[in-house]
Structure formats: C-alpha cells, structure tokens
Amino acid sequence: MFDITKIRADFPILKREVNGKPLVYLDNAATSQTPQQVIDVIVDYYHRLNANIHRGVHTLSQEATDAYEQARIKIQKHFNIAKPQEVILTSGTTHSINLVANGFSSLLKEGDELLVSAMEHHSNIVPWQMLCERTGSVLKVIPMNANGELVMEDFHSLLSEKTRLVFCNHVSNALGTINPIEAIISASHEVGAAVLVDGAQASPHIKADLQALDVDFYTISAHKVCGPTGVGMLYGKEAWLKKLPPYQGGGEMIAEVTFDKTTYADLPHKFEAGTPNICGGIAFGAALDYMNSIGFETISSYEAELLAYATEELLKIEGLKIYGTAANKTSVISFNIDGIHPYDIGTILDKLGIAVRTGHHCAQPIMDFYKIPGTVRASFSFYNTKEEVDVLVAGVERAKNMLL
Ligand SMILES: *Cc1c(COP(=O)(O)O)cnc(C)c1O
C-alpha cells in the first residue's frame, strides 16, 4: 500500500521551511530529494568503509570494492542488463553521452548521418555537434509537433543507409513527453544505425527493461532517482563497448603500461579511469533499492493522478498555457501565463516556499520551437501531494494577480 505520510517521513528535507513557509519541492525533474535510507548509506560508507577500491589487499579496500561492485549488480538487475560489464559507472548522463560521442570519432566518416530528436537536453545535442565537427558527419533533426510529440513519419523518411546513430530521450525533461523509443530503436536497427537513449528523465518514473528494448546505449544520472549527484550509468551493449576506444586514460583502465605501449583493461574498467565516486556508486545502488521498495508501478500510477489533478487545476487559471500535451507523458508541467515572464512567476513562488524551475531547462531548441523565452516547470515526484498541488495553484494565481 502507498502510504504518502510514511514516504514523506523518509525525506528529511521535506520538513524544512523556505522563506517562512513549508517547502513545496516541485523541481524533481532537475534533481530528486534523498531519503534517509540513502543518506544512511552515505554516512555509513565514511564511518566504516572508506578506502580506494580494486587495488588494496587490505580489508577496508576489499569491503569497499565489494559494496561498489554490488551496486553495479543492483543497477544491472534494475535495468535487466545481460552482464555487469555492460554497466559503466560514470559521473552522470552528461559524462555518459560524451564518452560515447568521443568513442565514435574514430568510427564515423564524412557524410555519415546522425539523427537527433527536436526535444533533447543540451547534453544530448552538443556532444554530437562536436563529434560532427571532428568527423564531417551531418546532424539531422527529427521534428516535433505542437503537442511536443515526435513526428514519426518524418523520422522514418530521415532514416537511410547513411544513418549511423540515432539519439533520443526516453522522456523529455522540458515537456514530460514519453517518446516511442521501441519504434525508434527497431526502425533504426533496420537500417543498421545504433541508438542511444537518454534515460535521465525516464528513470524516476519508468523502469526500463534494456534487453527487451534492445537499445544500444542508455544513460541515467543517480541524482534523479533519489541518489547523490556526481554518479550515473552508461549502459552499452558489450559488442559496442568493445568497439569503442577508451574515453579517458589513467589508473584503473589499463591492463599493462610501459612507455612503449599500454594495453587496456577489460570492461567495464576500460571506461572507468581514475578513482571513481565510490560512495556515490554505493548510494546509487541504495537509491534504486529504495525506489524498488515502493515499486515503479505504484510510483507511476500515483504520479499520473498528481499530473491529472495538477493539469486540471492549473488550466482553471485564465491565460495559462501548458507546453507539452502529449498523450503519453510523465508528471512534468511546463507552462506560461500570457504577458508574464516565467522568471517573475518563479521568484514569487519561491517567496511562498514553492520550488519550481524557470527558463529553458537546458533545451533551448524546444523554446525556439514555441517562440518563448522559457517556461515555468513544475515536476512532481511520488513524495508530492495533492495539497502541494493546491499550494502551487494558489501561488500561481497570486503571482498572476501581482504581476498583471
Ligand atoms: C537531467 C538530464 C540530463 C543531464 O543530466 P546530468 O545529471 O546533468 O548529466 C540529460 N538529459 C535529460 C533528459 C535530463 O533530464
């Protein structure tokens, strides 16, 4: 059973006040809050385990290594990944995508084509533009419609035997759209293109089965699934990870080093140069345990209720327009009110203790598409409540009355 009072009690930060008001945290698409269970794991690491991993013969190092490798296996199981060596621990989605983009430098040639969706986060655009500059490949855009859905007919006509790579987010952080990645993956594979899905925004809401999806690369950041910042995952099919050259050189990623020649370590270590975020990796595993203890079906059905309620209530405000009205979306509402800059609404909401994001949400092409400077974005998590939706709606009303 879903006991919201009990769940909220797990998150110490939800008890704090902001500007004299109870915090209403609705910026979950930017980062999620951390439950006591995960905080305890972080504290315990520094109390009991802190040591460098994979190298020491001493007990602390072995225990820290075990805990870190157990976290990798938790991540593997969570995403139904075939082998633990297909799980590369990175510093987050941005790092994961750069690792892949860098690796493709030596695999692409001039005139090869890459397809990117129109609703990507900058971290799934810029590394590919840099790759195109290095290789002479061409980046083409899969357009979206006014509801914030990809135009699949256009996607199919853009695909050709020149297409080498396709990138798309599983869920848009700016609009909440759940993209039809199954169809994108299978059609891309038909022309021999590999697919990277940015799962950063899907991961708090959807438990993806990566073997069933048959995706080539999938990325997430721990801090969006109740874990700490500075750690994340790159999933890659083993065959691809073997083909890609290492990203960074250093300790941990080598088999043997001489001044004549260095050979690289096996997966996953080939892509894990240097001392990793050990505590963060362990806490990442604990965060997935926490979310699984609630259950992703429970989470998504509760969040769907919050989304429906918040959408209905916000639309009662005259002049309010929601961007991103896809039939299939997660609990993100991007909106504006006629004649008011989103930043001004965000500032007044903050005075009322309500945390939302304003601006372009690292997705400027979406804002250009709608010809707006940005939006106010309220993003809901399983620890939010209908009462908080009411506080938001009253706050937006108040901001509107003050600003118009
Ligand atoms: C948050 C997010 C990112 C970037 O994640 P980092 O943790 O900042 O690397 C990329 N894509 C999407 C869809 C996101 O929501």
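Predicted model: local features only at pLDDT ≥ 70, side-chain atom pairs only at ≥ 80, totals over all residues.
Residues are numbered from 1 along each chain as its sequence is written, and side-chain values use heavy atoms, with hydrogens and water left out.

Let me start with the sheet. Seven strands form an open sheet with mixed pairing, and their order is β4-β10-β9-β8-β7-β5-β6. Strands here are DSSP runs of E with at least two residues, and helices are runs of H or I with at least four, each numbered from the N terminus; two strands pair if DSSP finds at least two bridges between them. At the edges are β4 (87–90) and β6 (138–142), each of which pairs on one side only, and the twist from one strand to the next averages 20°. The partner of β4 is β10, residues 232–236, and these two pair in the antiparallel sense over four bridges, with T90 standing opposite G232 in β10.

Now to the helices, where contact means heavy atoms within 4.5 Å, and where axes are lines fitted to C-alpha atoms, for helices over the stretch in contact, with angles from 0 to 180 degrees between N-to-C directions. Helix α4, residues 93–103, lies across β4, β8, β9 and β10, and runs at about 155° to β9. Helix α5, residues 126–135, lies across β5, β6, β7 and β8, and runs at about 145° to β6.

Finally, the aromatic rings. Rings of Phe, Tyr and Trp (its six-membered ring) pair if their centres lie within 6.5 Å, and planes under 30 degrees apart count as stacked, over 60 as edge-to-face and the rest as tilted. A search of the whole structure finds 14 such pairs. How are the rings of F11 and Y290 arranged? Their centres are 5.8 Å apart and their planes stand at 80°, so the pair is edge-to-face. This pair links distant parts of the chain, since F11 is in the loop between α1 and β1 and Y290 is in helix α10, 279 residues apart. Y290 also forms a tilted pair with F382, at 6.4 Å centre to centre and 40° between the planes. Both Y290 and F382 are buried, that is, under 20% relative accessible area, where exposed means over 50% and partly exposed lies in between, with a 1.4 Å probe and protein chains only. Together, F11, Y290, F382 and Y383 form one aromatic cluster.
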